[in-house]
Amino acid sequence: MQILSKTGTRNINFIPRESISDSKSYKLVIKSEQQNKVILTDTTATFTELDYYYQYSTDQTLVENNYYMITITNTTDGIVIFKDKMYCTDQTLSDYEISNGVYIEQSTGDNEFIYYG
């Protein structure tokens with residue numbers, strides 16, 4: 001899962017299930033799980049090859065605290081080459097806690113263990 005900010009240029013890094021070829025066409029779809037709708041479809045997606053992975057850049061605005069599914073399909077052969085979940089937040093990665101405010105620390109009295117409820 002990747003964590004992206006809600007505005008600005010976002011780089012989606014991925015390792016596909018097969019090599020990306022210039023002779024094939026690719027489609028990228030981003031779907032919001034919360035809204036249950038497709039928010040971006042790029043039928044002529046292009047990717048930048050880096051050391052051992054690829055990168056796709058987009059300026060699509062995302063909603064904070066929302067999960068997204070990304071699917072990349074090789075449309076020439078009809079094969080899904082990548083599928084993953086993304087999460088949008090403007091928290092800095094060093095401060096990010098997915099359980100922030102969800103768990104409350106409870107004292108057990110003798111400090112033998114900590115109970116979260």
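Which residues line the largest pocket? They are Ile20, Ser21, Asp22, Lys24, Ser25, Tyr26, Thr43, Thr44, Ala45, Thr46, Phe47 and Tyr54. A pocket here is an open set of points on a 1 Å grid over the protein atoms alone, where a 1.4 Å probe fits, with protein on both sides within 12 Å along at least five of seven lines; lining residues have an atom within 4 Å of a point.

This is a predicted model, in which local features need pLDDT of at least 70 and side-chain atom pairs pLDDT 80 or more, while totals for chains, interfaces and linings use all residues. Residues are numbered from 1 along each chain as its sequence is written, and side-chain values use heavy atoms, without hydrogens and water.

The largest pocket holds about 190 Å³ of space, counted as the space filled by probe spheres set on the points. Its lining comprises five nonpolar, five polar and two charged residues.

I turn to the salt bridges, each a side-chain nitrogen of Lys or Arg within 4 Å of a carboxyl oxygen of Asp or Glu. The whole structure has two. In one, lysine 24 meets aspartate 77 at 2.8 Å, N to O. Lysine 24 lies in the loop between β2 (10–14) and β3 (26–32) and aspartate 77 in the loop between β7 (66–74) and β8 (79–88), so the pair ties together parts 53 residues apart in sequence.

Lysine 85 and glutamate 33 also form a salt bridge, at 3.5 Å, N to O. Here strand β8 contributes lysine 85, and the loop between β3 and β4 (37–42) contributes glutamate 33, 52 residues apart.

How values were computed
Ala, Val, Leu, Ile, Met, Phe, Trp, Tyr, Cys and Pro count as nonpolar, Asp, Glu, Lys and Arg as charged, and the others, Gly among them, as polar. Helices (H or I, at least four residues) and strands (E, at least two) are DSSP runs, numbered from the N terminus.
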